[in-house]
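Work through the exercises below with the sequence and the structure side by side. Try each task on your own before you read its solution.

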Amino acid sequence: MILLSSATGLADGAPRDNEQPDVAVVPLLDPTAMPESAIPVARAATTSRAAITIRFPYVPQSEYLPTHTNYWEGRDGASIDYIVIHYTDISYARTLRAFNILASDVSAHYVIRGDGHIAQIVHEADTAWHSGNVWYNRHSIGIELELDRVTNPVFTAEQYYAVAALACAISARQGVPLDRAHVIGHNEVPGTTHTDPGPTWDWPHFMWLTSLCAPPTANTVHASFVSETPYPDIGANDAALVSVVLRNTGSTAWRKGTEQEARLGIPGNSADLAFLSDGWPTPERPAVQQEDIVPPGETATFSFRVKGAVPGTFVVPLRGVVDGAAWMDDLGMYTVVTVR
């Protein structure tokens with residue numbers, strides 16, 4: 001089966017009262033293990049402010065800097081359905097000051113500096129004043145990106161990676177789908193006169209980054225069958241290798257060595273069929289993806305060994321599950337093992 005567990009991501013770690021802020025952490029994939037083809041390539045001006053090459057998943061720094069004036073407590077019972085992307089048009093420092101001046105009448109839940117540092121200004125459970133539309137303010141989380149002629153004249157790679165990681169964490173917490181119907185620009189809020197995030201914001205690149213960390217759910221994890229090695233026909237005590245290739249047709253990546261790792265087995269990973277092989281997938285020994293990272297649209301290979309124990313023909317279904325609970329598509333896959 002394809003077993004994908006939810007990433008933990010950034011927490012809404014803004015402490016109440018006098019608690020210390022949590023440092024947000026996104027699960028890491030060993031960057032040295034990531035294939036070159038999986039390294040994001042910017043499609044716009046995404047210069048890096050770091051001296052080293054940035055890889056994804058990205059671990060941004062976070063800080064809780066609450067406004068005490070520019071927000072409404074709670075959301076008046078509204079659900080969180082959208083993530084709204086903005087740019088500041090002023091420096092990070094001036095933005096933080098403005099969000100603490102009541103007369104400015106503006107705030108956002110998060111501000112991302114040019115180096116990727118994240119400041120949380122308003123709790124996700126509360127309403128920030130960011131979209132110019134009361135209904136959207138109640139139903140959304142606003143993220144401001146520093147874009148200023150002097151301090152940060154172009155969107156940086158660090159900002160893309162930080163906002164993607166943040167969007168994935170918000171999606172995991174609040175259930176906001178990571179698609180363009182629910183992740184929008186300020187310019188897409190009904191009735192707005194604003195144009196941000198503007199023409200230099202690379203939506204395809206950003207959405208591709210979110211696909212690498214999107215939380216795996218029944219809505220985001222899907223697969224299709226591509227191929228399988230010939231059904232084994234073996235003698236008693238002989239062994240054969242079986243390989244199954246699946247295509248990731250969902251909207252979240254499969255990442256080896258993380259909670260989003262894809263695993264192949266039978267429904268329930270029943271140990272009853274373990275006699276077929278010393279390598280047959282069991283709860284303690286699943287067949288995992290061979291590739292380090294499998295973005296949406298790419299394929300993964302899963303291999304396991306079968307070994308003849310008793311004569312007979314065995315038809316074994318293969319099926320997937322997400323996070324141990326939600327079933328994937330029923331692909332109608334099975335393996336037939338004949339032992340003579």
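**Exercise 1.** Determine which hand the link of Cys168 and Cys213 has.

*Solution.* Begin with the sulfur atoms of Cys168 and Cys213, which are 2.0 Å apart; a disulfide is defined as a pair of cysteine sulfur atoms within 2.5 Å, so this pair qualifies. Next, take the angle about the S-S bond, which is 80°, and the link is found to be right-handed. Then place the two ends in the chain: Cys168 belongs to helix H3 (residues 157-174), while Cys213 is in the loop between helix H4 (203-211) and strand E10 (223-228), 45 residues apart. Helices (H or I, at least four residues) and strands (E, at least two) are DSSP runs, numbered from the N terminus. Finally, Cys168 is buried at a relative accessible area of 5%, and Cys213 also counts as buried at 5%, where buried means under 20% relative accessible area, exposed over 50%, and partly exposed in between (1.4 Å probe, protein chains only).

Before going on, note that this is a predicted model, in which local features need pLDDT of at least 70 and side-chain atom pairs count only at pLDDT 80 or more, while totals for chains, interfaces and linings use all residues. Residues are numbered from 1 along each chain as its sequence is written, and side-chain values use heavy atoms, with hydrogens and water left out.

**Exercise 2.** Classify the aromatic pair of Trp72 and Trp129.

*Solution.* Recall that a pair of aromatic rings is described by the distance of the centres and the angle of the planes. The rule is that rings of Phe, Tyr and Trp (its six-membered ring) pair if their centres lie within 6.5 Å, with planes under 30 degrees apart counted as stacked, over 60 as edge-to-face and the rest as tilted. By this rule the count comes to 11 aromatic pairs. For Trp72 and Trp129 the values are 5.6 Å centre to centre and 55° between the planes, and the pair is tilted. Trp72 is partly exposed at 32% relative accessibility, whereas Trp129 is buried at 12%.
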